[in-house]
Amino acid sequence: MIMLLIENLKYRYPEQDNDLLDIPHWQVAAGETIFLSAPSGSGKSTLINLLAGILTPQQGTIRILDTAINQLSARRRDAFRARHIGMVFQQFNLIPYLSVADNIRLASHFSASSATEADTRALQLLDKLGLTQTEVRRKAGQLSVGQQQRVAIARALINEPELLLVDEPTSALDTAHRDKFIDVLMQQLAPAKTSLIFVSHDTSLQSHFSRHVEIGALQHDAA
């Protein structure tokens with residue numbers, strides 16, 4: 001089963017004369033874990049935002065679960081993302097004055113599950129990720145970086161997404177914490193066979209993943 005299919009994608013920011021991204025074809029199978037590497041400024045984060053439907057390309061098609069997300073209205077893209085795509089950002093993007101539980105409840109807003117079911121799943125995820133009941137009640141801004149990472153993973157997985165997009169989440173971590181973060185992430189993905197696209201410039205991480213892709217190799221000039 002194909003999870004992601006890109007055809008003839010081109011994207012440039014308004015102030016640019018040339019395309020930042022020009023990808024003729026790329027596909028990712030369901031359950032694959034992709035390590036996507038590239039130098040800074042080469043369009044990694046832009047590609048992640050395109051895959052999430054936050055940005056839309058000037059040309060081409062992005063299909064996720066056989067849905068051309070760039071052809072959906074903004075409202076339908078938001079709903080599709082909430083139900084099918086999880087995201088973990090470099091800065092985690094937690095709301096610091098809300099509790100851990102409330103941060104995750106916000107992410108479960110579009111879930112097909114009831115509020116009670118979502119809360120139960122959130123507690124199960126957080127328990128697996130090593131957060132105590134006391135920490136779940138604390139404000140996100142009071143947690144350590146490692147604890148915030150675990151909350152970000154739980155928030156991204158609360159709706160049981162088929163695709164998880166992870167953008168440079170380990171750049172501020174030492175080696176031990178970096179490897180532990182990836183191990184925890186992989187443990188949560190395996191049971192559901194969630195596809196993962198993990199963006200980083202640190203190629204020493206690639207051994208954790210089923211496939212390593214360089215963004216330059218996807219581009220038209222390299223094809």
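A residue is called buried here if its relative accessible area is under 20%. Keep that cut-off in mind as you click through this structure, which is a predicted model.

**Stop 1: Phe209**

Select Phe209 to begin. Is Phe209 buried or exposed? With a relative accessibility of 9%, Phe209 falls below the 20% cut-off, so it counts as buried.

Next, show what touches Phe209. Setting aside neighbours within four places in sequence, its contacts are Thr33, Ile34, Phe35, Ile182, Met186, Leu196 and Phe198.

The rings of Phe35 and Phe209 make a tilted aromatic pair, 5.4 Å centre to centre with 45° between the planes. This pair brings together distant parts of the chain: Phe35 sits in strand β3, Phe209 sits in the loop between β8 and β9, and 174 residues separate them.

**Stop 2**

**Stop 3: the parallel sheet**

Switch to a cartoon view and look for an open sheet of five strands. Their order is β6-β7-β8-β3-β9, and the pairing is parallel. At the edges are β6 and β9 (211-214), each of which pairs on one side only. From one strand to the next, the twist averages 20°.

Zoom in on β7 and β8. Five bridges hold this parallel pair together.

Now bring the helices into view. Helix α1 lies across β3 (33-37), β6, β7 and β8, at about 155° to β8. Helix α6 lies across β6 and β7, at about 165° to β6.

**Stop 4: Lys44 in α1**

Select Lys44, which belongs to helix α1 (residues 44-51). Lys44 counts as buried because its relative accessibility is 7%. What is Lys44 in contact with, leaving aside neighbours within four places in sequence? The answer is Leu36, Ser37, Ala38, Pro39, Glu168, Val199, Ser200, His201 and Ile215.

**Stop 5: one side of α3**

Move to helix α3 (residues 100-107) and colour Val100, Ala101, Asn103 and Ile104, which are buried. Why do they fall on the same side of α3? They do so because they cover an arc of only 160° around the axis.

**Stop 6**

Go to strand β1 (residues 2-11). It pairs with β2 (residues 21-29) in the antiparallel sense, over eight bridges. Select Lys10 to find its bridge partner in β2, Asp22. Strand β1 is also joined to β4 (residues 59-64), again antiparallel, by five bridges. Here, select Ile6, whose bridge partner in β4 is Ile62.

Helix α2 (residues 74-84) is worth a look next: Arg77, Phe80, Arg81 and Ala82 are buried in it. The buried residues of α2 pack against β4, β5 (67-68) and β6 (85-88).

**Last stop: two tyrosines**

How many aromatic pairs does the structure hold? There are four. One of them joins Tyr11 and Tyr13, an edge-to-face pair with 5.0 Å from centre to centre and 90° between the planes. Compare the two residues: Tyr11 is buried, with a relative accessible area of 6%, whereas Tyr13 is partly exposed at 24%.

Terms used. Residues are numbered from 1 along each chain as its sequence is written. This is a predicted model: local features need pLDDT of at least 70, side-chain atom pairs count only at pLDDT 80 or more; totals for chains, interfaces and linings use all residues. Side-chain values use heavy atoms; hydrogens and water are left out. Buried means under 20% relative accessible area, exposed over 50%, partly exposed in between (1.4 Å probe, protein chains only). Helices (H or I, at least four residues) and strands (E, at least two) are DSSP runs, numbered from the N terminus. The arc is that of the directions from the helix axis to the C-beta atoms. Contact means heavy atoms within 4.5 Å. Two strands pair if DSSP finds at least two bridges between them. Axes are lines fitted to C-alpha atoms, for helices over the stretch in contact, and angles run from 0 to 180 degrees between N-to-C directions. Rings of Phe, Tyr and Trp (its six-membered ring) pair if their centres lie within 6.5 Å; planes under 30 degrees apart count as stacked, over 60 as edge-to-face and the rest as tilted.
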